[in-house]
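Welcome! Please take a look at the sequence and the model below, and then we can walk through the main features together.

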There are 2 protein chains.
Amino acid sequence: MLFRIDPSLDETLFAQLVTQVRLAVAQGVLQPGERLPAARELAASLDLNVHTVLRAYQLLRDDGLIELRRGRGAIVTARPAADHAKLLAAIDEVVREARALRFSPEATATLLKEAFSS
Amino acid sequence: MLFRIDPSLDETLFAQLVTQVRLAVAQGVLQPGERLPAARELAASLDLNVHTVLRAYQLLRDDGLIELRRGRGAIVTARPAADHAKLLAAIDEVVREARALRFSPEATATLLKEAFSS
DNA sequence: CATTTGTTCTATCAACACTAGAACAAGTAG
DNA sequence: CTACTTGTTCTAGTGTTGATAGAACAAATG
């Protein structure tokens, strides 16, 4: 499993990791029962602090995507989402409309986040 | 013109203001030539600091939505968007799909920004 | 002229992400 | 049983950023 963390993005590091694991699970790249790298190991390979990786893992556990067990690590429990393609399609539609209105990516992202709050 | 700022949201205060002005302009609620409240005045009525309001105004100016002139204030320069409703509808669809997959607002926003770049 | 309004500056405070290190608990593997 | 792995919990420090606050200034208005 390969993850990419980009510290220059405005999304926090642990959130980037959460997003990538979530997508991998949704797409079936990570299957139920499969094991994620140990936190210390992943932290070393991504050049992150262990706590940052663990924070992502714990959020994923709170969302029911993985199970955390001492001595064993993080095991995927969630099943692939049948319709994650619909999300990607909907996002493409937003990008199309936003471009037509000359809305910047940031402005559109802001609108999206506001839509979440209501 | 009426704006609502909610400090309990995770969106920053100045970003909330930017979004609301942007939407008002897109919807034609704010017409070109129309004047926004003076920063000090709006800050008082929204219970914000002047600098917070000015930060929002300056971002809007950088995006070409308003013009800032000393002694005169903030004047709307952008024209209403023909079809902002389609954008809002598309955004709603994204929010629905993202919620179904338990994607966080931030994760979804990140996906959106990535979609913009491709 | 006085007033309005944006501009620029310094400064402080709080929250938060991230890092760091240590000790600990519970499971695994020999 | 022992050694190792791995997550859990704790304290603590650092840096960034949003927001607040106040002051002085510049330019346009009336």
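## Two domains in chain A

Chain A is divided into domain 1 (13-76) and domain 2 (84-116), with bounds that come from an automatic or database domain assignment. The C-alpha centres of domain 1 of chain A and domain 2 of chain A are 27 Å apart.

## How to read the model

This is a predicted model, in which local features need pLDDT of at least 70 and side-chain atom pairs count only at pLDDT 80 or more, while totals for chains, interfaces and linings use all residues. Residues are numbered from 1 along each chain as its sequence is written, chains are lettered from A and ligands numbered from 1 in the order in which they are written, and side-chain values use heavy atoms, with hydrogens and water left out.

## The sheet of chain A

In chain A, three strands make an open sheet in the order 1-3-2, with antiparallel pairing. Strand 1 (35-36) and strand 2 (66-69) of chain A are at the edges with a single partner strand each, so one side of each has no neighbour in the sheet. Strands here are DSSP runs of E with at least two residues, and helices are runs of H or I with at least four, both numbered from the N terminus.

Two strands pair if DSSP finds at least two bridges between them. Strand 1 of chain A and strand 3 (residues 73-76) of chain A pair in the antiparallel sense over two bridges. L36(A) has A74(A), in strand 3 of chain A, as its bridge partner.

## Around DNA strand C

How many residues surround DNA strand C? There are 26, and the closest are L13(A), H51(A), T52(A), R72(A) and R40(B); a residue is near the strand if one of its heavy atoms lies within 4 Å of it. Sugar and phosphate make up 64% of the atoms of DNA strand C that come within 4 Å of the protein.

Some polar contacts (pairs of N or O atoms within 3.5 Å) can be picked out. An N or O atom in the side chain of R55(A) is 2.8 Å from a phosphate oxygen of DNA strand C. For R70(A), a polar side-chain atom lies 3.0 Å from a sugar or linking oxygen of the DNA strand. A polar backbone atom of G71(B) is 3.4 Å from a base oxygen of DNA strand C. Helix 3 of chain B gives the largest share of the surface near DNA strand C, four residues.

Note on methods
Polar contact = N/O pair within 3.5 Å; in protein donor to acceptor, adjacent residues only side chain to side chain.
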